[in-house]
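Open the model in your viewer and keep the selection tool at hand. Each stop below names what to pick and what is there.

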Amino acid sequence: YNTYDRVYRNSFSVVSSGTLEQTIDLELEISKNEFSENVIKFIVFNSEGKSISSGNVPNEGKITIASNMYLEPTGIAMGKHNDVLISVVGRSRDFNNQNSEMGKTITGKINVHSKQRRY
């Protein structure tokens with residue numbers, strides 16, 4: 001994933017204005033995916049550029065793409081800046097021609113779920 005011009009990139013920060021410690025889960029919710037199964041992949045990077053999770057994007061539905069990220073009171077989860085990258089990749093030897101995937105659509109959103117940490 002070194003060529004950012006060929007992937008969907010979403011940079012974000014999760015900020016708390018509360019007074020309690022929390023954990024954050026990121027969820028990818030796909031409403032439409034016309035691509036072939038297992039062709040679209042995701043990868044989540046933390047603010048240091050380290051990959052913290054990766055996998056296949058489903059054809060529809062919800063999938064947790066990162067979980068249990070610590071969020072301090074009045075803090076920022078996982079540092080100041082995080083990235084979610086989504087890309088078309090070859091899935092096997094029979095997927096030599098990505099032209100068959102051209103013109104297809106994927107739509108969805110990223111949900112953030114916060115949970116108070118227990119003391």
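One cut-off first: a residue counts as exposed over 50% relative accessible area, as buried under 20%, and as partly exposed in between. The model on screen is predicted.

**Stop 1: the whole chain**

Select everything and colour by secondary structure. The chain has 0 helices and 7 strands. Read along the sequence, the pattern is β-β-β-β-β-β-β. Now switch to a surface view. The accessible surface is about 7,500 Å². Carbon and sulfur atoms account for 44% of that area. Of the 119 residues, 33% count as buried.

Consider the contacts between residues at least 6 apart in sequence. Of these, 81% join residues at least 24 apart.

**Stop 2: an open sheet**

Select residues 61-71 for β5, 22-33 for β2 and 106-116 for β7. These 3 strands form an open sheet, ordered β5-β2-β7. Their pairing is antiparallel. In general, the strands of a sheet pair through backbone hydrogen bonds.

Which strands stand at the edges? They are β5 and β7. Each has a single partner strand, so one side of each is left without a neighbour in the sheet.

**Stop 3: the β2-β7 pairing**

How many bridges pair β2 and β7? There are 11, in the antiparallel sense.

**Stop 4: Asn 68**

Bring β5 back and select Asn 68, which lies in this strand. Check the backbone torsions. Phi is near 55°, a positive value in a residue other than glycine. Most residues other than glycine have a negative phi.

Is Asn 68 buried or exposed? Its relative accessibility is 56%, so Asn 68 counts as exposed.

**Stop 5: Asn 38**

Move to the loop between β2 and β3 (40-45) and select Asn 38 there. Phi of Asn 38 is near 65°. Here too the value is positive in a residue other than glycine. With a relative accessible area of 31%, Asn 38 is partly exposed.

To finish, show both asparagines together: Asn 68 in strand β5, and Asn 38 in the loop between β2 and β3.

Technical notes:
Residues numbered from 1 in each chain as written. Predicted model: local features only at pLDDT ≥ 70, side-chain atom pairs only at ≥ 80, totals over all residues. Heavy atoms only, no water. Pairing = 2+ DSSP bridges. Helix = DSSP H or I, 4+ residues; strand = E, 2+ residues; numbered from the N terminus. Buried < 20%, exposed > 50% of the residue type's maximum accessible area, 1.4 Å probe, protein only. Contact = heavy atoms within 4.5 Å. Areas by Shrake-Rupley, 256 points an atom, 1.4 Å probe, with all protein chains shown as cover.
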